[in-house]
Amino acid sequence: MKLPIYMDNHATTRLDPRVLQAMMPYLTEVYGNAASRSHGFGWAAEQAVETARAQVARLIGASAREIVFTSGATESDNLAIGGVVEAHGGRGHVITQATEHKAVLDTCAWLEKHGSRVTWLPVDPEGRIRIEDLQGAFDEEKPVLVTILFANNEIGTIQPIDEIGALCHERGVLFHTDAAQAVGKIPVDVNRGNIDLLSISGHKIYGPKGIGALYVRRRNPRVEVAEQMHGGGHERGMRSGTLNVPGIVGLGAACEIAGAEMESEAARLAALRDRLQARILAGLDHVRVNGSQEHRLPGSLNMTFEHVDSETLMMGMKDVALSSGSACTSAKIEPSHVLRALGLGEEAAHSSIRFGLGRFNTEEEADYVAERLIDVVRKLRELSPAYAEFT
Ligand SMILES: *Cc1c(COP(=O)(O)O)cnc(C)c1O
């Protein structure tokens, strides 16, 4: 076993060597512009892009023409939410929920500042929205868009997507989901879920960084999205800019591999995660698992270690890459908005750790992490006056 151990796969994943291999020709000799129609360099690039478009589409049950390539899930979220609202006259009622990624929260906050009405649904203690709350928000004012995260990046909780989609479809409201953590890890089907727009990120599925996609439904209904990037009219006018051919090829390969290996890999990761969780729970008291254990991504584990500061804890195990809360907010140490939305107090939120297991983690690594963590938590608690008083 090699140190350090990487167990922060919700923040980003390692590029799969098979993905790099697929990309290599497009980083070297096949360098044409996919929009060049007048020569073979362009045709070769375009062909590679169309192959990748089909690979991405297949993973989510879409058709290739419904895939728009972007720079990542952040851009896809901005394009979906901003683009739909703009296509509906620039303002309207948007429904979202408390544990979204910042890419959705901040986009909705921007819309709110610019004249739209935004409903921020709460979540239950497991991190899932209640369908009654969504119905209630529908009744107040018909929304132009509902945007609800597929699976959360901090706790792994999976939302009741099929029920949300069914309700949106029944009421004739567009449904967008940020599926950056779900795609490639669990089955995602845009038709079963009545999903109209869906965001994907390359680097969360062992593909390259800086590439992503937005699924935009073309039939029943045909979704209108106003461009947020103006230029040459690439990607059916929805996203201008010369296509990132190597990145797109990498995203396609990553989707292909994730789809082929999903069933076995999900089972392996869930077993690994359950083993890690069980060992930690057996070794320590005053520990809690955050989020739903029933509706959870296979590689996700988020735990609160009472009377231990998570930053100090991570400092004590420097040979393991973990995260406290969301990587996007860890530059400024503020309690995770996701854990707070579950009802955790500020102190508990500051005592929580996210374990993100991925394709390259082994059983040996999980056992090492459990052992180190139990050791460090015990030592820190021995030094803690609050814990001494508490026990
Ligand atoms: C990582 C992530 C994003 C941002 O994706 P980028 O491709 O890095 O822009 C958005 N939403 C969720 C749920 C994520 O996990």
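Entry 1, cavities. I found two cavities of 30 Å³ or more in the structure. A cavity is a set of points, on a 1 Å grid over the protein atoms alone, where a 1.4 Å probe fits but cannot get out. The largest cavity holds about 210 Å³ of space, a volume being the space filled by probe spheres set on the points, which are joined across faces, edges and corners. It is lined by 20 residues, and Lys185, Tyr206, Leu269, Gly299 and Leu357 are the closest to its centre; lining residues have an atom within 4 Å of a point.

The model is predicted: local features need pLDDT of at least 70 and side-chain atom pairs pLDDT 80 or more, while totals for chains, interfaces and linings use all residues. Numbering runs from 1 along each chain as its sequence is written, and side-chain values use heavy atoms, without hydrogens and water.

Helix α7 (residues 245-283) gives the most, six residues; helices are DSSP runs (H or I, at least four residues) numbered from the N terminus. Domain 1 (5-12 + 261-390) and domain 2 (17-257) each supply at least three residues, with bounds from an automatic or database domain assignment.

I looked up polar contacts (pairs of N or O atoms within 3.5 Å). Ligand oxygen atoms lie 2.9 Å from a polar backbone atom of Ala73, 2.7 Å from a side-chain N or O atom of Ser201 and 2.6 Å from a polar side-chain atom of Lys204.

Terms used: A polar contact is a pair of N or O atoms within 3.5 Å; within protein, one must be able to donate a hydrogen and the other to accept it, and residues adjacent in sequence count only if both atoms are side-chain atoms. On a 1 Å grid over the protein atoms alone, a cavity is a set of points where a 1.4 Å probe fits but cannot get out, and a pocket is an open set with protein on both sides within 12 Å along at least five of seven lines; lining residues have an atom within 4 Å of a point. Helices (H or I, at least four residues) and strands (E, at least two) are DSSP runs, numbered from the N terminus.
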